[in-house]
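Student: I have a model open and want to talk through a few of its features. Can we start with the surface?

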Amino acid sequence: MATRDRRRYGSELLGESGRLLPAVGLLGGLAVWWAVTALGSGIITNFAPAATFAVLAELVVSPAFYDHVLVSVYRFGIALGLCLTVGLPIGIVVGYFEAAERATTVLFQFMRMISPLAWFPIAIILFGVGTQSAVFVMFMAGLWPIVLNTAHGIATIDDDWITVGESLGGDTRALLRRVVVPAVIPDMLTGIRLSIGILWIILVPAEMLGVNTGLGYLILDARDRFSYAEIPAIMLVIGFIGFWLDLSVRRLHARWNWG
């Protein structure tokens, strides 16, 4: 009895302390950041947390800063929309039809391994500098997780589900709409989550392609103005927005996970 009580007490204590672990991790990261800048010398001292948060406080009350944020979110949204519009149908076709899967596996795996940075020159040649180039590079990076996860999800559907659908008179269109697509929503959301992470990461270098707006541009601009503390301040904003984008998809995934 005493042992069981101790175990239950230990579990409750671990549960209570577990809620504090994320805050402990953040404080640990902040401590490392402070130590690197405080104990270092030279230009790295300009990136200290105190100076960064002071600049961040000025940025968040500046209307001009939000113009850059909105432009970045707009480019991200356009790229994500293109990835969904193109990636989901391709993933469904590749996953459902064996011939399509055989015809595209090598091609897609080959394309997926090309670094998004390698598309920069082609993007500038095709679209010039600006939003279109940035969106194109992001699209080429974020497309494959959606295609491959959707196709993988369809390939792992229980054959009995398809058999039951066919026995009830369902044709290909009905099976896709009523059986296949609902069954692979969790896999689609997994691919979308991966794609969002890649798109948000690629956004910053993509906005260094000669554009004069956006968070990526703002980092370069801060460097050119020798406003070094502004660089980590903008990075904090990028990380904050990316965290909430990922969290929103994780919550959708938890809600639509049939497992």
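Tutor: Leu27, Leu30, Phe53 and Leu236 make a nonpolar surface patch of about 340 Å². Patches are made of residues with over 30% relative accessible area and no salt bridge, nonpolar side chains (Val, Leu, Ile, Met, Phe, Trp, Tyr) being joined within 5 Å and like charges within 9 Å. Areas are Shrake-Rupley values with a 1.4 Å probe, and for residues only the protein chains shown count as cover.

Student: What are the ground rules for the model?

Tutor: This is a predicted model, where local features need pLDDT of at least 70 and side-chain atom pairs count only at pLDDT 80 or more, while totals for chains, interfaces and linings use all residues. Residues are numbered from 1 along each chain as its sequence is written, and side-chain values use heavy atoms, leaving out hydrogens and water.

Student: OK, salt bridges. How many does the structure hold?

Tutor: The structure holds 7 salt bridges, each a side-chain nitrogen of Lys or Arg within 4 Å of a carboxyl oxygen of Asp or Glu. One of them joins Arg75 and Glu207, at 2.9 Å from N to O.

Student: Where do Arg75 and Glu207 lie?

Tutor: Arg75 is in helix 4 and Glu207 in the loop between helix 10 (185-206) and helix 11 (215-224), so the pair ties together parts 132 residues apart in sequence. Helices are DSSP runs (H or I, at least four residues), numbered from the N terminus.

Student: Is Arg75 buried or exposed?

Tutor: Arg75 counts as buried, at 2% relative accessibility. Buried means under 20% relative accessible area, exposed over 50%, and partly exposed in between (1.4 Å probe, protein chains only). Glu207 is also buried, at 1%.

Technical notes
Helix = DSSP H or I, 4+ residues; strand = E, 2+ residues; numbered from the N terminus.
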